[in-house]
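Biologist: I'd like to learn how to read a few features off a model. Can we take them one by one?

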Amino acid sequence: PRSINCIILSMVLLAAIAVGGVTPALAQEKLIMVLDSSGSMAGQIESRAKLDVARSTIRDLLGKVKPTTQLGLIAYGHRRKGDCADIETIYEVGKPDGAAIMAAVNRLNAVGKTPLSTAVRKAAEQLNFTEDKATVILISDGKETCGADPCALGRELKSKGLDFKVHVVGFDIKSDERAGLQCLADETGGQYVPANSAADLGAAIYKTIEVAQAPAAAPEPEPDPVVEPGLRVDVVVSEGGETWKGDIGLKLFGEKQGLDGKREKVADAWRVKSGHIFKNMKDGAFVMEVLLADHRHIKRTVQVDVRGNEAQIVTVNLNIGQVRFDASLAEEGEALKHDLGWWVYGPKEGLAGKRKKIAEFWRVKSGRVFWLPAGTWRVEGAIADAKYLRVVRNELTVQAGGGDAHAFSFNAGTVRFDASLSAEGAAFKGDLGWTILSQQKDLSGNRKKITNFWRAKSGGIFLLPAGEWLIEGVLADHKYVSLSQTISVSPASEAAHSFNFNAATVRFDVTVNGQPTGADLGLTVLGLEKDLAGKQKKITDFWRTRSGAVTVLPAGKFLLKGLLADQKEVKGETTLELNPGDEKPVALDLKNP
C-alpha cells in the first residue's frame, strides 16, 4: 500500500501546483515527476495490482491539470529485472497530453530495481537545471538500491543548479531507510512529505500545499569580515568547499619543542564553531591543532604566524569527504540489521607488516555515514556479534568534499540449530556446544575452525558464512554425547537444521544388598564389545555421585559398573540397553565380595 499512497500523495501535490490552488508563478514552472515502477508495484491491494491502481490515479489527475503546465514523467524499474540502468523518459517535458501520457503509463510493468538517484539526475538535466528554475517530484517508498548516495547527489545538484529543488514524497518509510531520502530533499531546499497511514494522508497533503505556497526563505548573509583584533579560524571541508558546521576543538602550541618532544600549550577552545576568534594573542609563530569534536579521527595541524593586534583569518582545509557503508548478507540484499564494526587503514603495510589505522567505528548500523580523510584506504568490516564474518575492500577512494555510498556483502546466511535426543523428539532443554569446521582438511589432516558457540540452547539462531560446513555438536554437560553433521549455507538464506544426538536420559537407582543407600558412589559406563586387547571402551564415569542421579547417555548397549566411594570392595555391575529418546531408570545393586 505504501507505493500507491506515495503516488496518490505526489499526484495530488502535482495537481496543487498545476491547478489554480497556488500562485501563477508556481503554476508555470517546469516539473518532472519520477515515478517508481519497480518490482514492489506488482503486489496486490484490494485484489488489484498496485500499478493498476496507480494508472487509475494518474488518469483522474490528468483531467485537472491546466494546459499551461509544463509536465514530464520519468519511470524506472519497469523493463528489466536487476538492471540499474532501467530508466526511461516516458513523457517529455511539455504541454500535458492525456492520451499520450496514459498510453506511456499503461505500458509500464513492475519488475526491476530502484535507481532513484540516477533518475533524479536525469530529470534535473532534462529541466536544464543549471540555467532554469526546476522542480523534481520523487515518489519513493524505500531507499536507493543501486549503490548511489541520494544525499551527495542533493548537494551536487543544489551547488550547480540555478533554483533547483527535489520534493520527496514517502509513505510508511522505514526508519532506517528514510535518512537518504530526507537528506536529498534537505540538501536541495525541497520538502520530505511523510504519510504514515491513510488517516494522516490528508494532513500531509495540506502541509505540502502550504509549503509549496510559502515564499522562499531569504539567503543567509555572508559572515561579517573580521573587524576586531584576533585570530579567526575558519574550517572548511575541502579546498574552496563548504564551511564545517559541526563542533570543533582548537589548541595553540608554541612552535618550539622541549627535550621531551612536547610543546607548550598557549590557548585552546572546545566545542566551538568555525569562525572562532582567539583574542589577546601575543605575536609569534604557533602550531595549531584542529579536531572535529564528534569525529575525533579527523585532526589537522597547521603552522600560524600571529600578529597580536591585527585582525587575521587562517583557513584550515580538513580535506575530507563522506562515505556511507551499506551492509547486507548477499549482493544487492536487504540492509543488515545487526551491529557492525568498521576499520579504515592506510593502503600500504609498513616493514612490520602492519597498516596505519585511520579510523574505527564500532557497533554502528548499515547505512551509517562517516567522514574520512580524502585518499585511498583499506576498509575492513565485521559483524559485531559475529566477528568471524568479515569483509575487506582494499581500495576505497574518498574525494574531498564528496559523498559516496559503498555496498559490502558479508556473503553469509542465517541458520537455526534444533537439537533433540531422537528423531522427531522434543527439543533438548540443556546447554549445547557447536563447533563450525571447514569440510576440507589441510595437509596435516586438520580442519579449519570457523567459529564455535558454547552453552547455546536448542533453537539458537546464528550467522554463518556461505559454504559447506562440518558441524560438531556436543551436550555441554554430557560431552561424551556428540555428533557430526554437514550443512550448506547460501548467501542471505534462512534455514533450520535438525540435529539428532541419538541419546537417552537415565536415572541411576543404586542399592546395597537390596537396600537404598545415600553413600557416595563411583559409576563407570563401558561399551559391551571388547577390542583386540580385551578391553572395553569407557564411555564416561561419575565420581562421588549419589543414587537417583540423572544423566544423558548415547543410545546403545552398555555395561554399568559401580562401587561405594569409601568402601570400594562393595561393588556390582549390570548391563543396560538404551534407545534414542528413552527416559528410564537403571537399577544397580552393590554387594560385598
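Modeller: Start with disulfides: a disulfide is a pair of cysteine sulfur atoms within 2.5 Å. Keep in mind that this is a predicted model. Here Cys151 and Cys183 form a disulfide, with 1.8 Å between their sulfur atoms. Cys151 sits in helix α6 and Cys183 in helix α7 (residues 178-188), so this bond links distant parts of the chain, 32 residues apart.

Biologist: Are Cys151 and Cys183 buried or exposed?

Modeller: The cut-off for buried is under 20% relative accessible area. Cys151 has 14%, so it is buried, and Cys183, at 15%, counts as buried too.

Biologist: How many disulfides does the count come to?

Modeller: Two. Cys84 is joined to Cys146 by a disulfide, S to S 2.1 Å. This pair also links distant parts of the chain, 62 residues apart: Cys84 is in the loop between β4 (71-76) and β5 (87-94), and Cys146 is in the loop between β6 (133-140) and α6 (150-160). Cys84 has 29% relative accessibility, so it counts as partly exposed. Cys146 is at 25% and therefore partly exposed as well.

Biologist: What do I get from the torsion about the S-S bond of Cys84 and Cys146?

Modeller: The handedness. That torsion is about -90 degrees, so the disulfide is left-handed.

Biologist: And which pattern do the disulfides follow?

Modeller: Count the bonded cysteines along the chain, and the pattern reads 1-2, 3-4.

Biologist: Which residues is Ser37 in contact with, leaving aside its neighbours within four places in sequence?

Modeller: Ala75, Tyr76, Gly77 and His78, and then Leu108, Asn109, Ala110 and Val111.

Biologist: Now pockets. How do you find empty space in a set of atoms?

Modeller: You roll a probe the size of a water molecule over the atoms, and that shows where empty space is left. Take the second largest pocket here, with a volume of about 800 Å³. Its lining has 35 residues, and those closest to the centre are Lys143, Glu144, Thr145, Gly333 and Glu334.

Biologist: Which strand gives the most to the lining of the second largest pocket?

Modeller: That's β16, with four residues. Both β16 (320-328) and β22 (403-409) supply at least two residues each. Sorted by class, the lining of this pocket has 15 charged, 13 polar and seven nonpolar residues.

Biologist: Last topic: rings. How many aromatic pairs does the count come to?

Modeller: There are 18 aromatic pairs. One of them is Trp244 with Trp371, which is edge-to-face: 75 degrees between the planes and 5.1 Å centre to centre. Trp244 lies in the loop between β9 (230-236) and β10 (248-257), while Trp371 is in strand β19 (residues 368-373), 127 residues apart. Trp244 and Trp371 are both buried.

Biologist: What is the geometry of Trp342 and Phe410?

Modeller: Their ring centres are 6.5 Å apart and their planes are at 45 degrees, so the pair is tilted. Trp342 belongs to strand β17 (residues 340-345), and Phe410 to the loop between β22 and β23 (412-420), 68 residues apart. Trp342 is buried at a relative accessible area of 0%, and Phe410 counts as buried at 4%.

Biologist: Which residues do ring pairs link into a cluster?

Modeller: Tyr388, Phe417, Trp434, Phe453, Phe462, Phe499 and Phe501.

Key. Residues are numbered from 1 along each chain as its sequence is written. This is a predicted model: local features need pLDDT of at least 70, side-chain atom pairs count only at pLDDT 80 or more; totals for chains, interfaces and linings use all residues. Side-chain values use heavy atoms; hydrogens and water are left out. Buried means under 20% relative accessible area, exposed over 50%, partly exposed in between (1.4 Å probe, protein chains only). Contact means heavy atoms within 4.5 Å. On a 1 Å grid over the protein atoms alone, a cavity is a set of points where a 1.4 Å probe fits but cannot get out, and a pocket is an open set with protein on both sides within 12 Å along at least five of seven lines; lining residues have an atom within 4 Å of a point. Grid points are joined across faces, edges and corners, and a volume is the space filled by probe spheres set on the points. Ala, Val, Leu, Ile, Met, Phe, Trp, Tyr, Cys and Pro count as nonpolar, Asp, Glu, Lys and Arg as charged, and the others, Gly among them, as polar. Rings of Phe, Tyr and Trp (its six-membered ring) pair if their centres lie within 6.5 Å; planes under 30 degrees apart count as stacked, over 60 as edge-to-face and the rest as tilted.
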